[in-house]
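Here is a guided look at how two protein chains meet and what lies between them.

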Protein chains: 2
Amino acid sequence: MEWHSWIGYLAACLTTLSFLPQAIKVITTRNTQGISGLMYVMFVCGLVLWLIYGLLIEDTAVSMANFLTLLFALPILVIKSRNG
Amino acid sequence: MEWHSWIGYLAACLTTLSFLPQAIKVITTRNTQGISGLMYVMFVCGLVLWLIYGLLIEDTAVSMANFLTLLFALPILVIKSRNG
């Protein structure tokens, strides 16, 4: 594997896993005050499309990364939509 | 262009532009209470690496999408780090 591929993998890990602390924070505190609901509506729709795209082009990295991010982003959207 | 490429482009537009309403909300209200600072530290680092990766592999779509997202995510990180 070429060295710059590692930069791509590290980038993918960071952007994917970054939603984990936000999900933990929202799940434990239920505080969604500063969070934009519209952001998470658009973001979750985008992730679902990325997942479909990854499956269509049979790219495991794209599918897996977006499936994982979806796991973290979905509870944020659900709790935000309940809190208003 | 194949039809499923459009799904990829739509997905990229949604996940990139989703940070615009969050950036507007944080810039106008300065309310960052529910937002995880750690999320934005990891996310911004990831975006910088994606941008470097896009430039290295000379992929304009990867570079542009991550540069745009960085424009939206950076003010959120700056305001969050000031608010604590």
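## Where the chains meet

About 3100 Å² of area is buried between chain B and chain A, and carbon and sulfur atoms give 74% of it. Buried area here is the accessible area (1.4 Å probe) that two parts lose on being put together, summed over both. In chain B, the residues that lose the most area to chain A are G34(B), M39(B) and M42(B), together 16% of what that side buries. The model is predicted: local features need pLDDT of at least 70 and side-chain atom pairs count only at pLDDT 80 or more, while totals for chains, interfaces and linings use all residues. Residues are numbered from 1 along each chain as its sequence is written, chains are lettered from A in the order in which they are written, and side-chain values use heavy atoms, leaving out hydrogens and water.

The contact (heavy atoms within 4.5 Å) takes 37 residues from chain A and 36 from chain B. Between the chains there are ten residue pairs in polar contact, both at pLDDT 80 or more; such a contact is a pair of N or O atoms within 3.5 Å, where within protein one must be able to donate a hydrogen and the other to accept it, and residues adjacent in sequence count only if both atoms are side-chain atoms. On the side of chain B that touches chain A, α3(B) gives the most, with 13 residues. Helices are DSSP runs (H or I, at least four residues), numbered from the N terminus.

## A helix packed on both chains

Look next at α2(A), residues 19-29. Its buried residues (under 20% relative accessible area, 1.4 Å probe, protein chains only) are F19(A), P21(A), Q22(A), A23(A) and V26(A). They pack against α1, α3 and α4 of chain A, together with α2 and α3 of chain B. Just after this helix, R30(A) takes a positive phi of about 60 degrees.

## Following Y40(A)

Now find Y40(A) in helix α3 of chain A. Why does Y40(A) count as buried? Because its relative accessibility is 1%. Leaving aside residues up to four places away in sequence, Y40(A) touches F19(A), Q22(A), I35(A), A73(A), I76(A), L77(A) and, from the other chain, M39(B).

The largest nonpolar core has 32 residues, and F19(A), M39(A), Y40(A), F19(B), M39(B) and Y40(B) touch the most other members. Such a core is a set of buried Ala, Val, Leu, Ile, Met, Phe, Trp, Tyr and Cys residues joined through side-chain atoms within 4.5 Å. A second, separate core of six residues includes M42(A), L49(A), I7(B) and A11(B).

Conventions. Buried < 20%, exposed > 50% of the residue type's maximum accessible area, 1.4 Å probe, protein only. Helix = DSSP H or I, 4+ residues; strand = E, 2+ residues; numbered from the N terminus.
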